[in-house]
Each structure stands twice: as structure tokens, then as C-alpha cells.
Amino acid sequence: MTTNIIDELLWRDAINQQTDEAGLRDYVANNKISLYCGVDPTGDSMHIGHLIPFMMLKRFQQFGHHPFILIGGATGTIGDPSGRTSERQLQSMEQVQHNVDKLTKQMKKLFFDEANEQELSLVNNYDWTKELSLLDFLRDYGKNFNINTMLAKDIVSSRLETGISFTEFTYQILQSMDFLHLFRHHDVRLQIGGADQWGNITAGLDLIRKKEGAEAKAFGLTIPLMLKADGTKFGKTAGGAVWLDPEKTSPYEFYQFWLNQDDRDVVKYLKFFTFLSQEDINVLAQKVETEPHKREAQKTLASEMTRFVHGEEALNDALTITAALFSGDVKQLSAKQIEEGFKNMPSSTIGKEPMNLVDWLIETKIEPSKRQAREDITNGAIYINGDRIQDTDFEVTVTNSFDERFIIVRKGKKKYTLVHLND
């Protein structure tokens with residue numbers, strides 16, 4: 001591990017822009033810095049794209065600095081215009097609070113260590129804005145913002161053609177107030193965020209210097225936009241976002257997402273998302289070059305991320321499901337593991353009464369005709385729960401099922417169908 005966190009971040013290609021590179025490097029070399037990153041409760045779970053800046057907070061924590069995670073209970077009611085071409089749909093205060101509660105729980109699970117309670121703090125900007133009057137807002141804060149400067153910020157200028165409401169226009173003022181509040185009350189000196197947050201971060205620094213004096217030591221740092229080697233946005237799949245909530249994206253699906261990363265991207269992701277040492281990552285990078293077929297880098301990335309987000313037990317389940325599907329030996333899976341691993345695979349539903357296999361395959365629409373069903377059974381192409389069945393007189397009963405809920409059918413090498421049994 002390097003001795004300066006900035007060197008560590010540079011090695012990991014994790015810095016896009018800094019407001020004062022030399023000043024920040026010197027400050028963190030000689031001081032324990034408090035820093036923050038925020039997330040707005042626009043939903044009730046983060047996805048993996050949200051993780052990027054928070055992994056940077058965790059790295060600062062490992063170097064002895066003090067991170068603050070800000071949940072935007074106030075800014076979440078307004079909506080950040082960054083990266084958008086149209087207005088957000090405003091959420092009810094009840095929905096915002098629900099999302100705040102869910103994100104707070106998620107953040108605590110990921111980043112809070114009870115053994116080191118003082119090393120990380122969670123704050124909510126609703127706490128210091130809820131009593132603020134409109135007149136105080138305009139006099140104490142609005143007076144410090146020049147309209148021309150605000151219009152020139154990318155987050156606003158990109159919206160001028162399509163239009164932007166006064167509500168979203170004021171977002172950068174609210175976020176600037178956050179930085180000022182944390183600077184004053186918690187000695188927070190650094191804000192970090194994605195590349196699209198540069199305008200908001202610099203607006204906060206301007207407010208601090210206007211309020212606290214030009215010599216106030218405060219800094220901003222952004223992280224590069226994460227793109228895949230093919231130029232598409234990281235974190236999206238055919239099924240949509242990859243969520244941190246296991247109810248939205250199962251640990252098995254989460255594991256598979258990381259396992260299936262391109263050789264061209266995997267080392268970048270190991271640097272960004274894992275806490276492996278430089279030495280370990282360099283070894284894996286070498287294996288990508290010399291033994292790409294073994295996919296050791298991808299397997300390590302998938303294991304590290306699944307363990308970090310979902311825990312050791314969920315990782316073990318994901319590994320068990322992966323091994324079972326690869327080998328075709330699914331008999332040892334639990335009903336819960338089947339439900340998780342086969343969540344997005346083709347499925348069918350049928351009753352629990354005993355039925356001849358040929359008729360059963362027709363009824364579940366796995367086979368198009370009795371002739372084809374008999375042919376596939378005779379040729380050994382049909383597997384029931386991992387067992388090859390070549391007897392056309394075989395009878396399917398609930399004894400062939402998992403907990404009287406599921407039967408797994410494999411046709412050929414990889415074509416799986418999950419059959420649900422109903423009463």
C-alpha cells in the first residue's frame with residue numbers, strides 16, 4: 001500500500017479532476033481529512049454505478065481518514081438535473097423518507113463497522129434544511145450565487161434548450177449548502193463525486209470561500225465516468241440495472257454480472273471496486289494476458305464483489321449454483337438456490353398429479369410434439385433434476401421435485417427450464 005491516498009487513487013485510475021491537486025496531496029499527507037460523498041434517495045436501493053464514489057470513501061477510510069456518507073433527504077425531494085434531458089417526477093415526502101430509510105440501512109451494511117464507530121459518519125441533509133425559511137434561504141445563500149455563473153455550469157447549460165425548472169435550477173445551491181454545513185460543523189474539507197458532479201462540487205467550494213474566507217482549505221475531487229471497453233455505460237445489462245438489493249438482483253445474478261466481464265475491462269474493475277493490493281491485481285492482470293481462458297481475474301472480481309455486497313453465505317450460494325449449472329448436477333441445490341439461480345430462465349407451470357414424461361414434456365411446452373419428445377428421451381437429451389431419463393414410460397411425480405415446488409428440466413447441453421408445481 002502506498003503512503004499517500006492520492007497515489008493509491010492515481011494507481012487505480014480513479015481520479016478524473018481535482019480542484020487543487022498539490023494542495024490536497026499536501027493536506028492528506030499531513031492531516032487526517034474528513035470528506036464526504038452524497039446519494040439522493042431517488043430509489044430504495046443503490047445500483048453498482050452508485051458504488052463507485054463510495055468505494056473511494058472506503059479507501060480514504062483505510063488510510064485513516066474520516067468519511068461522511070450523506071443521504072440527500074432534502075436534495076432528493078428536488079432532483080439533481082445532472083445527466084438528464086428532462087425534469088424528474090417529484091416523489092412524495094413519504095416515498096422519499098422510505099427510500100432514505102432503505103438507503104441508510106444499505107449503507108450501514110456495506111460501510112459501517114461497529115468495532116470502529118468513529119471512522120465513518122452517516123448524515124442526512126434534511127436535518128439542516130427542514131427549518132430553513134424561504135427568506136433565510138434567499139438572503140443567506142441565494143445572494144452568494146451569480147446567475148451567469150450558474151447558467152454556465154454543465155449541469156444547467158445542457159438543459160437550457162429543453163428547459164429546466166427553478167426547482168432543479170436551485171439544486172446546486174442546496175448541494176453547496178451541504179458542503180458549507182459539513183465544513184462548518186464537522187470540519188469536512190473534501191467532497192468527492194462522479195464526473196457529472198464537478199459543477200455542484202465547485203459551486204460548494206465557491207460558497208465556502210465566500211462565507212468562510214478565500215483562504216478556507218476545502219477541495220473537490222471527481223471520479224472518471226465508467227465506460228466499458230465497447231464504449232457503453234457500465235452497470236447496465238439486458239435486464240436493466242444491477243442492484244445492490246438482493247430482492248432486485250439476486251446474489252447469483254450479481255456474481256454472474258461480474259464473472260462475465262470482458263478481459264479488456266476486468267483489471268480496471270479490480271482496481272476500482274476491490275480492496276486487493278496492487279501486487280495481487282498485477283498478478284491477475286498478468287494472468288489475463290497469459291491464461292485468459294481460466295478467467296481467474298473475473299472469478300476473483302465476482303467473488304470479492306459478491307462477498308462485499310452480500311456476504312460470505314450469499315457468495316457460497318452463488319458459487320454452488322454456478323458450479324451446479326456448469327456441471328449439470330443440480331440435485332444438491334436447495335429450493336431457495338433454485339429459485340435464485342433459475343430466476344430469469346425459461347419457466348413453465350403444471351399441476352402435481354403424476355404424468356407420463358412424454359405427455360408431461362408436451363404439457364409444459366418443453367417439447368413441441370410427442371414424436372420429438374420420444375426422440376429426445378430415447379437419444380438421452382432429456383434430464384430431470386440432473387438425471388438423464390431415456391425411458392419413454394417414465395412417470396413424473398412430486399417425488400421428482402424440490403420441496404414439491406420445482407422440477408428442473410435440461411434439454412441438450414444447456415437449455416434449462418424451471419417447472420413450477422402448483423396444487
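Q: Which domains does the domain assignment give?
A: Bear in mind that this is a predicted model. The domain assignment gives domain 1 (5–223), domain 2 (236–327) and domain 3 (347–421), and the C-alpha centres of domain 1 and domain 3 lie 55 Å apart.

Q: Which residues does the UniProt annotation "domain: Tyrosine--tRNA ligase SYY-like C-terminal" cover?
A: According to the unreviewed UniProt entry, this annotation covers residues 337–419; the span is 25% helix and 30% strand, with its end C-alpha atoms 15 Å apart.

Q: Which residues does the annotation "binding site" cover?
A: The unreviewed UniProt entry places Tyr36, Tyr171 and Gln175 under that annotation, and Tyr36, Tyr171 and Gln175 from this set belong to the lining of the largest pocket.

Q: Is tyrosine 171 buried or exposed?
A: Buried means under 20% relative accessible area, so tyrosine 171, at 3% relative accessibility, counts as buried. Tyrosine 171 lies in helix α9 (residues 171–186), and, leaving aside neighbours within four places in sequence, its contacts include Thr75, Ile78 and Asn200. Its side chain also makes a polar contact with the side chain of aspartate 40, at 2.6 Å.

Q: Is glutamine 175 buried or exposed?
A: By the cut-off of under 20%, glutamine 175 is buried because its relative accessible area is 9%. Glutamine 175 is found in helix α9, and, leaving aside neighbours within four places in sequence, it is in contact with residues including Tyr36, Gln191 and Ile201.

Conventions
Residues are numbered from 1 along each chain as its sequence is written. This is a predicted model: local features need pLDDT of at least 70, side-chain atom pairs count only at pLDDT 80 or more; totals for chains, interfaces and linings use all residues. Side-chain values use heavy atoms; hydrogens and water are left out. UniProt positions are given in the numbering used here, feature names are shortened, and annotations may be inferred rather than shown by experiment. Helices (H or I, at least four residues) and strands (E, at least two) are DSSP runs, numbered from the N terminus. Domain bounds come from an automatic or database domain assignment. On a 1 Å grid over the protein atoms alone, a cavity is a set of points where a 1.4 Å probe fits but cannot get out, and a pocket is an open set with protein on both sides within 12 Å along at least five of seven lines; lining residues have an atom within 4 Å of a point. Buried means under 20% relative accessible area, exposed over 50%, partly exposed in between (1.4 Å probe, protein chains only). Contact means heavy atoms within 4.5 Å. A polar contact is a pair of N or O atoms within 3.5 Å; within protein, one must be able to donate a hydrogen and the other to accept it, and residues adjacent in sequence count only if both atoms are side-chain atoms.
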